[in-house]
Structures are given as C-alpha cells and as structure tokens.
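Please look over the predicted model shown below before reading on. The briefing that follows is grouped by topic.

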Amino acid sequence: MTSPGRDPSSPGGPGRSGADANDGAGSAGDPAGQRRSGLRNPAGAVRGLGAGTLGLEALVLLLAIQPIRVVGGELSGAAIAVIVLLAVAAVALAGMMRRPWAWHAGTVLQGALMLSGLLHWSLLALGIIFALVWGYALHVRRVILGR
C-alpha cells in the first residue's frame with residue numbers, strides 16, 4: 001500500500017519520491033538527470049582513493065626497510081633516509097588530496113621512488129609496483145570525474 005502522492009514505480013521506488021531519488025546531484029548533460037558514476041560524492045571518493053593509495057605506499061615503504069636489509073643485502077643509511085623521507089612525503093600528500101596539485105605531486109613521488117632504485121634494486125621494484133597502482137588510481141579519477 002502506498003501513501004498518497006507517491007508512486008511505487010517512480011525512480012526512487014516505494015517510499016521515496018522522484019526528487020529524493022536523485023538528491024539533486026544529477027548533471028544537466030546526463031540523461032534523465034542520473035549521476036555518471038552513481039556515487040553520492042564522486043570527488044570525495046576519488047580523494048579517498050588517492051589518499052588511501054598514498055597511505056598504503058607509506059606503510060609499505062616503512063615496513064620494507066627491515067626485510068630489504070635482511071634479504072636484499074646492504075642497505076645504506078642514505079637509502080633508509082630516502083625511504084623515510086618518501087614515506088613522510090606520501091603521508092603529507094595523502095592529507096592534501098583536496099588540493100588539485102596533490103595528484104601531480106603524487107605522480108612525482110612515484111618517479112622519485114623509482115629513481116631511488118639507484119640506491120637499492122628493491123626500491124625500483126616497489127617504485128614500479130606503486131607507479132602502476134597510482135596509474136590505475138589516476139585512470140579511475142579520470143573515469144569518475146572526467147578530468
């Protein structure tokens with residue numbers, strides 16, 4: 001049984017009016033006022049993806065220091081300092097994902113991590129892995145936001 005003024009076949013389904021179903025987030029270019037991605041806050045979701053990627057990168061970098069020292073051979077003090085510096089930069093960028101330049105800085109960070117492969121080969125391997133992950137995050141950003 002439906003309440004007066006509500007149609008169960010409306011886009012919002014039973015219990016929601018058509019205006020509530022779109023939440024005013026549809027864009028003029030989309031057919032029938034539908035959001036392109038289906039997310040309530042696509043920009044926030046993309047920022048979360050970027051911040052999560054950078055946070056995970058920082059964690060992996062810090063946790064990789066000891067296994068690299070044990071398995072990979074000699075890891076110099078300069079290499080450890082570079083790893084810690086890159087991890088701190090990743091955490092700082094994760095906190096600044098609202099700024100449009102942070103995405104470009106994240107790309108530079110991936111290049112710096114690959115460049116640190118000159119200090120130890122395993123840093124190059126981590127750099128390649130995280131560059132691929134960052135590339136995928138940029139792809140998702142472009143698909144969702146159209147930028």
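Trp 134 lies in helix H5, where helices (H or I, at least four residues) and strands (E, at least two) are DSSP runs numbered from the N terminus. At 2% relative accessibility, Trp 134 counts as buried, the term buried standing for under 20% relative accessible area, exposed for over 50%, and partly exposed for what is in between (1.4 Å probe, protein chains only). This is a predicted model, in which local features need pLDDT of at least 70 and side-chain atom pairs count only at pLDDT 80 or more, while totals for chains, interfaces and linings use all residues. Residues are numbered from 1 along each chain as its sequence is written, and side-chain values use heavy atoms, with hydrogens and water left out.

**Contacts around Trp 134**

- Leaving aside neighbours within four places in sequence, Trp 134 is in contact with Gly 50, Thr 53, Leu 54, Met 97, Trp 103, Gly 106, Thr 107 and Gln 110, contact meaning heavy atoms within 4.5 Å.
- The C-alpha atoms of Trp 134 and Thr 107 are separated by 7.3 Å, although the two residues are 27 residues apart along the chain.
- Thr 53, one of the contacts of Trp 134, lies in helix H2, which covers residues 42-71.
- Thr 53 is buried, with a relative accessible area of 8%, and touches Val 133, Trp 134 and Ala 137 when residues up to four places away in sequence are not counted.

- Leaving aside neighbours within four places in sequence, Leu 54 is in contact with Ala 90, Leu 93, Ala 94, Met 97, Leu 109, Gln 110 and Trp 134.
- Between Leu 54 and Phe 130, which are 76 residues apart along the chain, the C-alpha separation is 9.0 Å.
- Met 97 touches Arg 47, Gly 50, Ala 51, Leu 54, Ala 102, Trp 103 and Trp 134, again not counting residues up to four places away in sequence.
- The largest nonpolar core has 24 residues, and those with the most contacts inside it are Leu 54, Leu 61, Leu 75, Ile 83, Met 97 and Leu 109; such a core is a set of buried Ala, Val, Leu, Ile, Met, Phe, Trp, Tyr and Cys residues joined through side-chain atoms within 4.5 Å.
- To this core, H2, H3, H4 and H5 each supply at least two residues.

**Helix H3**

- At 1.5 Å a residue, the 19 residues of helix H3 (residues 77-95) should span 27 Å, which agrees with the 27 Å between its end C-alpha atoms; the expected span is 1.5 Å times one less than the number of residues.
- The buried residues of H3 are Ala 79, Ile 83, Leu 86, Ala 87, Ala 90, Leu 93 and Ala 94.
- Seen down the axis of H3, these buried residues fall within an arc of 130°, so they line one face of the helix, the arc being that of the directions from the helix axis to the C-beta atoms.
- The buried residues of H3 pack against H2, helix H4 (101-115) and helix H5 (121-145), whereas the face turned away from the buried side carries the exposed residues Gly 77, Leu 85, Val 88, Val 91 and Gly 95.

**Helix H4**

- The buried residues of H4 are Ala 102, Trp 103, Gly 106, Leu 109, Gln 110 and Leu 113.
- Viewed down the axis of H4, its buried residues fall within an arc of 105°, so they line one face of the helix.
- The buried residues of H4 pack against H2, H3 and H5, while the face turned away from the buried side carries the exposed residues His 104, Val 108 and Leu 115.

**The chain and its confidence**

- The secondary structure of the protein chain comes to 5 helices and 0 strands, and buried residues make up 27% of its 147 residues.
- The mean pLDDT of the protein chain is 81, with 74% of its residues reaching 70 or more; pLDDT is the predictor's confidence in each residue, from 0 to 100.
- Confidence is lowest in helix H1 (residues 18-22), at a mean of 41, and highest in H4, at 96.
- Over residues 6-30 the pLDDT is below 50, and beyond near neighbours in sequence this stretch has 30 contacts in the model.
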